[in-house]
Amino acid sequence: MRLLKVATCNLNQWAMDFDCNMKNIKESISRAKEVGATIRLGPELEITGYGCEDHFLELDTVTHAWECLKELLLGDWTEGIFCSFGMPVIKGSERYNCQVLCLNRKIVMIRPKMWLANDGNYRELRWFTAWKQKDHLEDFLLPIEISESLSQSTVPFGYGYIQFLDTAVAAEVCEELFSPIPPHAELALNGVEVFMNASGSHHQLRKLDLRLRAFIGATHTRGGVYMYSNQQGCDGGRLYYDGCSCIVVNGDMVAQGSQFSVKDVELVVAQIDLDAVASLRGSISSFQEQASCKPRVSSVAVPYKLCQSFNLQMSLSSPIKIQYHSPVEEIAYGPGCWLWDYLRRSGASGFLLPLSGGADSSSVAAIVGCMCQLVVKEIANGDEQVKADAIRIGHYTDGHFPTDSKEFAKRIFYTIFMGSENSSDATRTRAKVLADEIGSWHLDVSIDGVVSSLLSLFQTLTGKRPRYKVDGGSNIENLGLQNIQARIRMVLAFMLASLLPWVHNKPGFYLVLGSSNVDEGLRGYLTKYDCSAADINPIGSISKQDLRTFLKWAAIHLGYSSLAEVEAAPPTAELEPIRSDYSQLDEVDMGMTYEELSVYGRMRKIFRCGPVSMFKVRV
């Protein structure tokens, strides 16, 4: 038996925060060494952070990455453990997204990414060049300060694999796995048994299954060990990287990390018998035949053993059941973890949310409540970093720290119901009850006086005073009166976010949360610069239908029972007067139901349909 212990990880990296990123990298290596792993894999571009965007164009970014790598190599971090580090590398005139493979204080090979992610949220071709020379490895001249420190002047650069004395290992970087002809196919035919995929993959509802099926498919018909590492958390941008680092052997999942977490470092470890890989490949006739006439892939020979011999004290990792979150759990945990990262890094003292009592703002409130629950739970589990961040943001003193999510919410979450003469008692009550259930610091204020003052000013300027449609006004007047209310709420929200910390004797500011769902943005059913014009919007990519399902779930599983009543209420902006024979409803205003709008959204985004195609495939 060739027993191999491997370790991959979820790391909460932050773009351009080299000190924090190095701290996480070192902790992951230390933990991997403690459990006896001989391979450690980290996420894509883990040294710089994945989301550096145009900072990748700065030479400083590349220089700092080399400085960090030098620190890792001069220490004992790579002693006795084969490590893959992600960083940008400039070769000649081109900048490449690379995995730098290291062992025993030396760089063994630099593997540039061959197929770049350049669709959806990804723009890698803006910053990197794809490596196109597949037929050979080139000598890469290391930067002078690196070569002098390591006593190593050149290193193999390009597409290839590492041939150890007892196994062969190769890198496959993120998008390459999903390309039409992925590298692992021919690498397997060349005898590679361990594949290391460093990734920067963001969270999308219902996406995880597609990713995991790709890992399973990569090794199911050709055998092998597939290691996957991903970033986890918000790294300074709009995306949430959803972790789920894992290890697959011959098509079976044997280890899986969390998809959502507020931890900075999570290690995923497996003990594997590589003879099982060789046995499977030897039993597949088509694999044997194709391997006999394979195209040769370049390799680097390393005279070092990664495996251990048979030992009665060691137990192999067995196949496990894959863990999936339901879509409603993804809505709760993904944005909740993203909000925590954003809050702790921003310098803000909390969140402020205009809470109307409707489905959208109530969903955002529930997500913040979920965030508070996750933080308190992780503190109870002994995470000192989460505890330190919570103490700092919540302004705890005398050794106190959060032990109750409602008490924590009271310190960092502020909600305000900005009612008008058009608001109903029902929405006001729902907002207050939900705020009490979550624990937020809640305000209730009327904006009628400000609206009246603005209308009086308008009348002084023009000699006219607009009326609502139900009172005989035109559509222009009706829309203008609605927009005034919405925009006053935005101004008031940002004023409170700026000044309430001063009122509460706290430093910093509060982040204003928006609550506009993706369907309303698609339809154009919104007011520009209203209370949804915020610092951040946690539900901006989620449909109304998914949010309503989430509210039902959260009423039970998060303990906010009033959300059931919120979900059951007909959606309304409450910007027009309520009459005995008239009540404003969103779906009437839009001329379609949210269910229909959700269908249009899916057809446009997922199936790329225009208006004519939508009509042709209508159901």
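By the cut-off of a Lys or Arg side-chain nitrogen within 4 Å of an Asp or Glu carboxyl oxygen, the count comes to 27 salt bridges. The model is predicted. Side chains of opposite charge can pair when their charged atoms come close.

**Salt bridge between Lys113 and Glu44**

- Lys113 and Glu44 form a salt bridge in which the closest N and O atoms are 2.8 Å apart.
- This pair links distant parts of the chain, 69 residues apart: Lys113 is in the loop between β5 (106-112) and α3 (124-127), and Glu44 is in the loop between β2 and α2.
- Are the two partners buried or exposed? Lys113 is buried, because its relative accessible area is 0%, and the cut-off for buried is under 20%.
- Glu44 also has 0% relative accessibility and therefore counts as buried.

**Salt bridge between Asp54 and Arg126**

- Asp54 and Arg126 meet through their side chains in a salt bridge, with an N to O distance of 2.8 Å.
- Here too the pair links distant parts of the chain: Asp54 is in the loop between β2 and α2, Arg126 is in helix α3, and they are 72 residues apart.
- Asp54 has 33% relative accessibility, so Asp54 counts as partly exposed.
- Arg126 counts as partly exposed because its relative accessibility is 42%.

**Salt bridge between Glu79 and Arg105**

- Glu79 forms a salt bridge with Arg105, and the closest N and O atoms are 2.7 Å apart.
- Glu79 lies in the loop between α2 and β3 (82-91) and Arg105 in the loop between β4 (94-103) and β5, so the pair ties together parts that are 26 residues apart in sequence.
- Glu79 counts as partly exposed at 38% relative accessibility, and Arg105 counts as partly exposed at 34%.

**A network of salt bridges**

- Which residues are linked in a network of salt bridges? They are Asp264, Asp341, Arg344, Asp389 and Arg392.

**A patch of negative charge**

- On the surface, Glu58, Asp60, Glu67, Glu145 and Glu148 gather in a patch of negative charge.
- Two helices, α2 (59-74) and α4 (144-150), each supply at least two residues of this negative patch.
- Where does Glu58 lie? Glu58 is in the loop between β2 (39-41) and α2.
- Glu58 has 34% relative accessibility and so counts as partly exposed; the cut-off for a patch residue is over 30%.

**Helix α14 and its end**

- Helix α14 covers residues 448-462, which is 15 residues.
- From its first C-alpha to its last, α14 reaches 21 Å, close to the 21 Å expected at 1.5 Å a residue.
- An α-helix has 3.6 residues a turn, so residues three or four places apart point the same way.
- Gly463 follows α14, and the phi of Gly463 is positive, near 80°.

- Most residues other than glycine have a negative phi.
- Asp398 is a residue other than glycine with a positive phi, near 55°.
- Asp398 is found in the loop between α11 (384-394) and α12 (405-412).
- Asp398 is exposed, because its relative accessible area is 72% and the cut-off for exposed is over 50%.
- Arg608, again not a glycine, has a positive phi near 55°.
- The loop between α20 (594-605) and α21 (611-616) holds Arg608.
- Arg608 counts as exposed at 67% relative accessibility.

- Val169 lies in strand β9, residues 168-171.
- Is Val169 buried or exposed? Val169 has a relative accessible area of 1% and so is buried.
- Val169 and Ile39 are 130 residues apart along the chain, and their C-alpha atoms are separated by 9.6 Å.

- Ala130 has its place in the loop between α3 and β6 (138-141).
- Ala130 counts as buried because its relative accessibility is 13%.
- A separation of 14 Å lies between the C-alpha atoms of Ala130 and Pro183, which are 53 residues apart along the chain.

Terms used:
Residues are numbered from 1 along each chain as its sequence is written. This is a predicted model: local features need pLDDT of at least 70, side-chain atom pairs count only at pLDDT 80 or more; totals for chains, interfaces and linings use all residues. Side-chain values use heavy atoms; hydrogens and water are left out. Patches are made of residues with over 30% relative accessible area and no salt bridge: like charges are joined within 9 Å, nonpolar side chains (Val, Leu, Ile, Met, Phe, Trp, Tyr) within 5 Å. Accessible areas come from the Shrake-Rupley method with a 1.4 Å probe; for residues, only the protein chains shown count as cover. Lys and Arg count as positive and Asp and Glu as negative; His and the chain ends are not counted. The place of a charge is taken as NZ of Lys, CZ of Arg, CG of Asp or CD of Glu. Helices (H or I, at least four residues) and strands (E, at least two) are DSSP runs, numbered from the N terminus. Buried means under 20% relative accessible area, exposed over 50%, partly exposed in between (1.4 Å probe, protein chains only). The expected span of a helix is 1.5 Å times one less than its number of residues.
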